[in-house]
Amino acid sequence: MIKFCRILIRSALVLLTLFFSIIPSFSQVQNNNGKDGENIFIVFNTGEGLQYFRELAGQMARLKPYGRVDITVNSPALKGEFECPEGSCDWHEYAAYNRSVEAFFPDKKLLPFIPAGYIAKNRELLLSKVGVLRELGLNATFSSNEPRYLPEEFFEKYPDLRGPRVDHPRRSVQKEFAPCFHKSETVEMYRNMVEQLYKNAPEIHTLYFSMNDAGSGTCWEDWLYSGPNGPSACKNINKSEAIVTMLNVYKQEAIKAGHDVDIYFKGMFTDEEMDDLVLKLPDRCYLAGRNYPPVKNISGMMSETYPVRGIINPLEIIRALGRNADGQGRYIFDFWSSYSRAQDRLETITKIVDIVEDNFKNPIGEGDINALSALKRLCDKWAGAEYSDQLFKAFTELDRSGNENRSAIRGLSTLYWGVSTRQITRPLVFAPKLLTPAEENYFLPYVFNVSVDEARTDYMDIHGGNRELPAGATTKLVGSLKSISGTMERIRNAPEQKFIEDMAMALRLYSCVVRSCGNFNDAQLIRNRNKELLAGLVHRPDKIPTWTGDQYLLDFNAIMRDELDNMQEMIGILESGGMELVSTSKQPFPEDTFILGPDLIDQLKMKRKIMLEHWTDIEGYLKTPFK
């Protein structure tokens, strides 16, 4: 009898195993309605034209069998130049390409204050992107800063709707105000705009908002850049009310259009504000730092290496994929740069999707051993048997180096240092005040600073605040990057040879950018220690002989020479095909503080020329060796 029961149990187990083997797992069931248990893939990208978007969407469509795919559709077709004050203002650049609903479907109250051609171009691009998603059976994401500032002329006509001041006093030359969401007229205006948004793009299933930052804000929040402010009438109203009202507008209009939406948002909030806010959120609204669901962040390294693109850390992606998440699996693909000026290469995105798709077919599992095993299989596939170990060494070293150097160079941003203060392209000299207007013209207008004098003379004034690292802090990272690229360059005849060669070149370019940042940091440290001398007149040194000269002069000369050599290396890489690996401005998007110009090579040559012409300026301030 016991033996018979055992046979029955074993038979039942076999049947159960067979039953479950023929039923797809939750992770493999496509369901475009966002039901519980379904994976959701949220894709952030910016606008480099409809063709790029079509190819990007085609790659992401490979993940349809495993869940719902939502791709950002509201990158503008044109920059919001009409908002910038005369003579430009760097603060307005933050949100110039991150557009709210009024840039596409403005309420009739707003129509007179936004150029008709701008609206038409933006709407045309959004609808074209939605059309691509519709063809592919994909869904959409809408991402913006909310509630965003509106034109001053609007508030002159509708003064009762003026909400908080939201610009940054140390970074803006013109004050800006967002609408007050305690006013029923504001709510109705947004309701009309959001209704039109969903009517034209019913595929929108995900929204992502940034609040109280980069052009947005709600009344009386503690961390508004101008301090808590807003209309007196709403000063004592609970601060959460305005945000919840706005979120409900987006939620309710979506439901009217036929489905609910997921809203993710973050912002400049105090802990107390977040604690209060999270208790009042509508269903399926998620606040970062409080009720945010577990997400797996999948991306290349462009947010870290900008303006260089084409670099990925496969081990980091594999680890993220291997982490267990309870319930619904949410994946966020970040393929764009901060402030939406550029996005990663399609070749890079394709490789990332390869890794993700393979994980669904052959789940990686948690833990370092599983991650390293998966990386080795990937290297076998990309480099072939002969060079698999070499590529594996390069990727593990890239991962280790990034983790080790992160704390040593904390605060260094190649976006803010290299690009928005133009350390990549501006000349490194001891006395910048000696440069002529003609010599400054190609870089100084793009340096982020409300003060032209500070932009000219302080290399480490980063967006109005001082940023410094210890001297030599970047040396180790630069060495590691060159070593890793060298390892990749020795790989031959690999199945993915072109991708490996491009990534090796991108790593060399990134090492040049980091090296520039380190040189400008170290140069400014010396300049800070000689402020009094620099404030004085150029003078000849005294006639007392010295065998060594001034140590500061020797140190600064060494930095200048290193930067000169660095520029020569960078020019050589760019002239050998490296321009494809750098984000530069393309029509119709002009060069600005957050994106380099298309004539990058010429600018680097100009930098080299000016540095050589001003090479001896330092000798008018510090002693040279005299023997």
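The lining of the largest pocket in this predicted model is made up of 21 nonpolar, 16 polar and nine charged residues. The space inside that pocket comes to about 1100 Å³. Its lining counts 46 residues, and those closest to the centre are Tyr-208, Lys-266, Asp-334, Trp-336 and Ser-338.

Several elements each give at least two residues to this lining, among them strand S3 (139-145), strand S6 (204-211), strand S7 (262-267) and helix H10 (314-322). Helix H12 (368-406) is also on that list, and H12 provides the largest share, five residues.

Now for the second largest pocket, with a volume of about 520 Å³. Ser-303, Glu-304, Arg-406, Leu-412 and Ser-413 are the closest to its centre among the 20 residues of its lining. Two or more lining residues come from each of H9, H12, helix H13 (414-419) and helix H16 (475-489). Here, too, H12 makes the largest contribution, with five residues. By class, this lining holds nine nonpolar, eight polar and three charged residues.

If you are wondering about cysteines, a search of the whole structure turns up zero disulfides.

| Cysteine | Nearest cysteine sulfur | Distance |
|---|---|---|
| Cys-180 | Cys-219 | 3.7 Å |
| Cys-285 | Cys-219 | 20 Å |

Note on methods. Residues are numbered from 1 along each chain as its sequence is written. This is a predicted model: local features need pLDDT of at least 70, side-chain atom pairs count only at pLDDT 80 or more; totals for chains, interfaces and linings use all residues. Side-chain values use heavy atoms; hydrogens and water are left out. A disulfide is a pair of cysteine sulfur atoms within 2.5 Å. On a 1 Å grid over the protein atoms alone, a cavity is a set of points where a 1.4 Å probe fits but cannot get out, and a pocket is an open set with protein on both sides within 12 Å along at least five of seven lines; lining residues have an atom within 4 Å of a point. Grid points are joined across faces, edges and corners, and a volume is the space filled by probe spheres set on the points. Helices (H or I, at least four residues) and strands (E, at least two) are DSSP runs, numbered from the N terminus. Ala, Val, Leu, Ile, Met, Phe, Trp, Tyr, Cys and Pro count as nonpolar, Asp, Glu, Lys and Arg as charged, and the others, Gly among them, as polar.
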